[in-house]
Amino acid sequence: MTAVNDAAMMQRALVLAARGACITSPNPSVGCVLVRDGAIVGAGHSQQAGGPHAEVMALREAGEAARGATAYVTLEPCSHHGRTPPCADALIAAGVARVVVALTDPNPLVAGQGLARLAAAGIEIAAGVQRDTALEHHKGFLSRMVRGRPWVRLKLAASLDGRIALRNGQSQWITGAEARADVQRLRARSCAMLTGVGTILADDAQLTVREPQGVFWQGRQPLRVVVDSTLRTPPAARLLQTPGVLLVTARDNPRRALLEAEGAEVLLLPGVDGRVDLAALLSHLGQRGMNEVTVEAGGTLVGALLRQKLADEVVLYQAPVLIGDGLPLADFSLASLSQRLAPRVLERRMVGADQRITLRFTETAAWGR
């Protein structure tokens, strides 16, 4: 198999991996393609946590045709017993002759051991094929393994003059229906949605996923996380009508029992100035297996995340409207323009009448080999 064909087959595996992006959390969404004599004999992607991994799905489809085949896998096959047996062992037992991976797995439970096990069984190994594309796809899982915290995405919707709402808080709807539908796809792939209590008080937001179009989704709802330093979330908030809510506060008070009675989990993480320690919160979410967190919040929380350099990317939906005096995208101030934040523009495209701009603060190049 030539290097060009290796790249093409790995690209197919990455397309498969993307199909599982909304269902596999906390596991990475991996894709696998099995090729024998130039023909694809098996293919698959990771299923829900506890279900078969990509390699097993592909091997099931290939059957006996897997013997002597080349396996293209977007992430190093696992070598440990978790909820499922090691995929490296499954590939060995199936008699594959060669394994090509896009990335080695930085998970300490794997970290090269999967490839070492395959090589010890006499299987030819190649790594780094379509590495950059795989880094982008697996960035949430890699962030958690390398940094101990999730990939943090700020989702912003604003007017041309950079306002997210009128001064009275009215914000529905600055962007169009197509942009709002696109946001549902971002929510669907997120392990957690993060907001501030101001958004709950102003909008009674639920932050649930509502039937995203164009993605494979099996009803998994993200954990909803509210930064609420003084526990102002109303016990009757619509957010609490759906299980899976974490309220993060800086100080305990008697309202905690009321909120817990409504099904909320309350976490105490005091920081400076009576505010929640946001860095500690992200570490906590990493420990809970959260790979990607999407933030939908007002300027106070967005500004704090930016000021503390805790945001990895911004997805901005900019509507072709002007609304004048209103609430800003982010609430923070600088002493000099030399301190300005300057993320890299990753992508610009139209979503209906709105422009979607993806900006990147964090680069992933050092996260996988």
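Select residues 278-287, helix α10, and look for its buried residues: Leu 278, Leu 281, Leu 282, His 284, Leu 285 and Gly 286. Buried means under 20% relative accessible area, with a 1.4 Å probe and protein chains only. Helices are DSSP runs of H or I with at least four residues, strands are runs of E with at least two, and both are numbered from the N terminus.

A word on the model: it is predicted, with local features needing pLDDT of at least 70 and side-chain atom pairs pLDDT 80 or more, while totals for chains, interfaces and linings use all residues. Residues are numbered from 1 along each chain as its sequence is written, and side-chain values use heavy atoms, leaving out hydrogens and water.

Now select Asp 277 and Ala 279. At the start of α10, a side-chain oxygen of Asp 277 comes within 3.3 Å of the backbone nitrogen of Ala 279.

Next, zoom out to the whole chain. Its secondary structure comes to 11 helices and 16 strands. The C-alpha trace spans about 65 × 45 × 40 Å along its principal axes, and 50% of the 369 residues count as buried.

The largest cavity holds about 160 Å³ of space. Of its 15 lining residues, Ala 21, Ser 29, Arg 189, Asn 291 and Glu 292 are the closest to the centre. Domain 1 (6-140) and domain 2 (149-360) both contribute to this lining, so the largest cavity lies between them.

For the last stop, select Glu 136, Lys 139, Leu 186, Arg 189 and Arg 356. Of the 26 residues lining the second largest pocket, these are the closest to its centre. The volume of this pocket is about 650 Å³. Colour α1 (3-19) too: α1 gives the most to the lining, with five residues. Both domain 1 (6-140) and domain 2 (149-360) give residues to the lining of the second largest pocket, so this pocket also lies between them.

Conventions:
Polar contact = N/O pair within 3.5 Å; in protein donor to acceptor, adjacent residues only side chain to side chain. 1 Å grid on protein atoms, 1.4 Å probe; cavity = no way out; pocket = protein on both sides within 12 Å on 5 of 7 lines; lining within 4 Å. Points joined across faces, edges and corners; volume = space filled by probe spheres on them. Domains from an automatic or database assignment.
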